[in-house]
Amino acid sequence: MLSDLKGDSMSRLLVIGCGGVAQVAIQKCAQNSKVFTEMCLASRTVSKCDALKEKLEKQGTPVKITTATVNADDVNEIIALIKDYKPDAVLNVALPYQDLVIMDACLECKVDYIDTANYEPEDIDEPVWRAAYEKRCKEKGFTAYFDYSYQWEYMDKFKEAGITGLLGTGFDPGVTSVFVAYAKKHYFDEIHTVDILDCNGGDHGYAFATNFNPEINLREVSANGSYWEDGHWVETKPMEIKREYDFPQVGQKDMYLLHHEEIEALGKNFPEIKRIRFFMTFGQSYLDHMRCLEDVGMLSTSPINFEGKEIVPIQFLKALLPDPASLGPRTVGKTNIGCIFRGVKDGKEKTLYIYNVCDHQECYKELGSQAISYTTGVPAMIGTALVLSGKWKKPGVYTTDEFDPDPYMEMLNEYGLPWVVDENPILVD
Ligand code: NDP
């Protein structure tokens with residue numbers, strides 16, 4: 001029980017961002033009022049924070065909730081808010097663009113930091129960032145705009161300050177990396193391959209919409225794919241590698257190999273793993289829309305001048321697309337996200353599949369959100385609870401595969417994301 005983790009002592013959490021993922025994380029924190037006794041909900045649009053505070057208060061939450069407006073691109077604003085509110089930890093569920101600024105503020109104020117996605121810059125044409133990026137592409141061999149190097153650089157500074165940085169505690173990354181640590185702890189002497197499979201079998205009825213922030217989502221899926229093999233990256237063209245898989249409780253789906261951030265951390269922390277791949281399912285309609293939008297330049301992040309006003313095409317597109325937080329009532333079907341392992345135990349070859357199935361409509365009934373926000377927001381709460389409780393407190397900057405997976409796995413079962421272990425799975429070729 002969470003109450004065992006924290007007892008009845010007080011903890012104050014500052015949550016930055018109030019979008020689809022944040023709304024789930026905050027409501028889940030409110031369900032665990034023994035750990036999260038006070039929360040400040042801060043975001044750019046404070047009305048979203050106020051509405052959620054009102055909803056929780058109407059439900060009779062014992063958590064003392066306040067709200068604040070913050071521009072998380074401005075380090076001084078965050079520092080001022082932290083100094084004023086004095087939280088024990090900051091949960092960043094804004095956008096990856098804000099990661100470093102919020103980490104700087106946490107460092108300055110010596111407060112623990114938690115997020116769900118690794119840093120990427122908003123402006124990929126900015127010359128200093130671009131030069132570092134080009135160098136990294138050559139040295140490391142993958143071209144995704146995001147990588148862990150920027151946040152791993154905080155390791156020594158966080159150690160000196162005695163604060164914990166927990167990076168990427170969503171579902172993938174987050175839970176998938178915990179599945180790897182759990183498989184290693186309980187089922188394998190050595191893991192040789194990991195295939196991470198992310199299937200969304202949900203249908204929202206729109207011709208085209210994204211399940212989380214469109215800008216971040218479309219950047220991710222339109223990029224080159226890559227996987228980790230024998231200690232180095234192998235890069236592919238976008239959607240070049242396709243497989244079909246029959247997902248438990250969802251059925252047969254097409255899935256495509258993508259670059260994904262947990263591969264980088266797992267490759268570093270589990271050098272024994274010979275190959276790590278990530279696959280995500282997409283329907284043909286989604287892919288056709290995305291290709292068309294890309295071809296006409298709508299996925300560009302570079303500002304253009306339109307009738308005397310500067311606009312960023314992908315941000316304009318975001319304004320046209322349905323808000324991911326609004327998909328809840330209309331999305332039906334299930335997600336299935338998990339990891340398939342091959343390795344050895346006691347000298348014998350072994351395979352294993354650990355996965356979670358989550359039902360969009362069940363999520364909507366419980367919290368008013370769809371399953372993508374739910375599967376990210378629940379682990380954000382769990383990671384934060386483990387840091388606040390001291391179970392996952394370790395000065396420095398770490399991903400979720402670097403801690404004891406057992407309490408996290410227990411809490412997944414307890415807080416709405418139960419998992420299944422299949423010791424005889426169908427493998428991906
Ligand atoms: P949304 O776009 O729905 O929400 C983002 C929130 O952050 C909004 O409330 C937005 O404010 C706020 N925000 C944006 N910029 C600023 C700023 N400069 N200052 C203050 N607040 C700001 O995104 P999601 O909820 O879908 O995603 C949240 C995070 O979760 C992202 O980092 C995403 O990459 C990550 N994620 C991780 C997953 C995982 O499995 N690990 C899966 C899915 C998402 P406003 O309301 O004004 O726009």
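Predicted model: local features only at pLDDT ≥ 70, side-chain atom pairs only at ≥ 80, totals over all residues.
**Entry 1: ligand surroundings**

I went through individual atom pairs next. Threonine 45 places a polar side-chain atom 2.4 Å from an oxygen atom of the ligand. For serine 43, a polar side-chain atom and a ligand oxygen are 3.4 Å apart. The ligand taken alone exposes 930 Å², and the protein buries 94% of that.

**Entry 2: salt bridges, count and a pair within a helix**

I counted 20 salt bridges. I started with glutamate 57 and lysine 53, where the closest N and O atoms are 2.9 Å apart. Both residues belong to helix 3 (residues 46-58) and sit four residues apart, about one turn of the helix. I checked accessibility for each: glutamate 57 is partly exposed at 38% relative accessible area, and lysine 53 is partly exposed at 22%.

**Entry 3: aspartate 404 and lysine 185**

Which parts of the chain does the pair of aspartate 404 and lysine 185 tie together? I found their side chains in a salt bridge at 2.9 Å, N to O. Aspartate 404 is in the loop between strand 17 (396-399) and helix 16 (406-414), while lysine 185 is in helix 9 (residues 175-186), so the pair links parts 219 residues apart in sequence. Aspartate 404 counts as partly exposed at 37% relative accessibility, and lysine 185 counts as partly exposed at 42%.

**Entry 4: aspartate 195 and arginine 277**

Are aspartate 195 and arginine 277 buried or exposed? I first noted the salt bridge between their side chains, 2.7 Å from N to O. Aspartate 195 lies in strand 7 (residues 190-200) and arginine 277 in strand 12 (residues 275-281), so this pair ties together parts that are 82 residues apart in sequence. Aspartate 195 has a relative accessible area of 3% and is therefore buried, as the cut-off for buried is under 20%. Arginine 277, at 5%, also counts as buried.

**Entry 5: shared partners**

Technical notes. Residues numbered from 1 in each chain as written. Heavy atoms only, no water. Polar contact = N/O pair within 3.5 Å; in protein donor to acceptor, adjacent residues only side chain to side chain. Areas by Shrake-Rupley, 256 points an atom, 1.4 Å probe, with all protein chains shown as cover. Salt bridge = Lys/Arg side-chain N within 4 Å of Asp/Glu carboxyl O. Helix = DSSP H or I, 4+ residues; strand = E, 2+ residues; numbered from the N terminus. Buried < 20%, exposed > 50% of the residue type's maximum accessible area, 1.4 Å probe, protein only.
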